Amino acid sequence: MSAQPPVPTERGILQFLATCDSFYPPDAVQASIEQQRHWYDALCARFDRPLPPEMIFADGMLQRIPIRRYRPRKISTRTILLYLHGGGFVVGSLESHHAICAEIADFAGAELVSVDYRLAPEYRWPAQTDDGFTVLKHLLSANSKVVLIGDSAGANLAAGLALRARDEDLSGVVGQVLIYPALGGDLAAGSYVEMAAAPGLTTADVAYYREILQAPTGNEIAEPLHAATLAGLPPAFITVAHFDPLRDDGRHYAARLTAEGVDVWFREEPQMVHAWLRARHMSDGARDGFRAVCEATRRFAAT
């Protein structure tokens, strides 16, 4: 008899998971890419929220890359927030994280730029990191300070961009906010085994996304846990979900950053699952976790 998969007990997050399952089946990765994107778009629309009052946003192009700029009603810093959305490098768009980006920008009192980077399998690695780096360099060239923010696959990209900026001696990245990041951990160890059948994301799903992206194994930009050194990186806020195979990626990265002299704020959300950002208005744990993300972003942006 197989063991039951680990599950949280918080009522709000259980309701969130039930809603997700009604839009996005647990075996979604077995469907076509077109179907996965259809399901994901419908799921995101289900959790859509009105934007904060007086929030202004506009779509544009930076070179060939679509972006969306958010400007909250009150600007308290000239630092720019750069957001890279999650979705396994396969799904996700400017729309999928629209309200999330607007709420972070409003809380931080900062302009935010969201990047519609190219997706796999139509575009394999390094298209995604190259798109993000193009936008980052443009923002830094305008003498802006930048806070990198990403969730899941987007957090992978954000961490990689911090490494690329350091290695090219680009100044101005003042913080990195990594939300349940995928950083290239060992699929046969730790949380990848303990949470292999976790709700919302399984280890098999992670393996699927890695295979479809086709990033080189051990490359430090694609898998920041394999970086030779993390010294000299900007301060980081890292949050992980307990019921998530990616949990140890964030744990281990936080520990390495700390050991190499980088300031780190680390949180593990004890009742959360992967993608809990979408549950921020229906789960107490997600609400607290999202506030911590926003507070960290505001703190970095104020430096």
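Predicted model: local features only at pLDDT ≥ 70, side-chain atom pairs only at ≥ 80, totals over all residues.
Visitor: How many helices and strands does the protein have?

Guide: Helices (H or I, at least four residues) and strands (E, at least two) are DSSP runs, numbered from the N terminus. The protein has 9 helices and 8 strands. Its radius of gyration is 18 Å, close to the 19 Å that the globule rule gives for 303 residues, so the protein is as compact as a globular protein of that length. That radius is taken over C-alpha atoms, and the rule is 2.2 Å times the number of residues to the power 0.38.

Visitor: In what order do the strands of the sheet stand?

Guide: Strands of a sheet pair through backbone hydrogen bonds, either parallel or antiparallel. Here two strands pair if DSSP finds at least two bridges between them. The open sheet of 8 strands has the order E1-E2-E4-E3-E5-E6-E7-E8, with mixed pairing. Strand E1 (56-62) and strand E8 (264-273) are at the edges with a single partner strand each, so one side of each has no neighbour in the sheet. On average, neighbouring strands of this sheet are turned by 20 degrees against each other, direction ignored.

Visitor: Which strand pairs with E1, and how do the two run?

Guide: E1 is joined to strand E2 (residues 65-71) by 7 bridges, and the two run antiparallel. Gly60 has Ile67 in E2 as its bridge partner. The two strands form a hairpin with 2 residues between them, and Gln63 in the turn has a positive phi of about 55 degrees. E2 is also joined to strand E4 (residues 112-115), antiparallel, by 4 bridges; there Arg68 stands opposite Ser114.

Visitor: Do strands E7 and E8 run parallel or antiparallel?

Guide: Strand E7 (residues 236-243) and E8 run parallel and are joined by 7 bridges. Thr239 stands opposite Arg267 in E8.

Visitor: Which strands does helix H5 lie across?

Guide: Helix H5 (residues 153-167) lies across strand E3 (80-84), strand E5 (146-151) and strand E6 (173-179), and runs at about 150 degrees to E5. Such angles run from 0 to 180 degrees between N-to-C directions, with axes fitted to C-alpha atoms, for helices over the stretch in contact.

Visitor: Is Val173 buried or exposed?

Guide: Buried means under 20% relative accessible area, exposed over 50%, and partly exposed in between (1.4 Å probe, protein chains only). Val173, in strand E6, is buried, with a relative accessible area of 15%. Contact means heavy atoms within 4.5 Å. Not counting residues up to four places away in sequence, Val173 touches Leu136, Leu140, Val146, Leu148, Ala165 and Pro234. In the protein, buried residues make up 56% of the 303 residues.

Visitor: How many disulfides does a search of the whole structure find?

Guide: A disulfide is a pair of cysteine sulfur atoms within 2.5 Å, and the search finds 0. The sulfur of Cys44 is 9.3 Å from the closest cysteine sulfur, in Cys20, too far for a bond. Cys294 has its closest cysteine sulfur in Cys101, at 11 Å, also too far for a bond. Cys44 is buried at 8% relative accessibility, and Cys294 is buried with a relative accessible area of 2%.

Key
Residues numbered from 1 in each chain as written. Heavy atoms only, no water.
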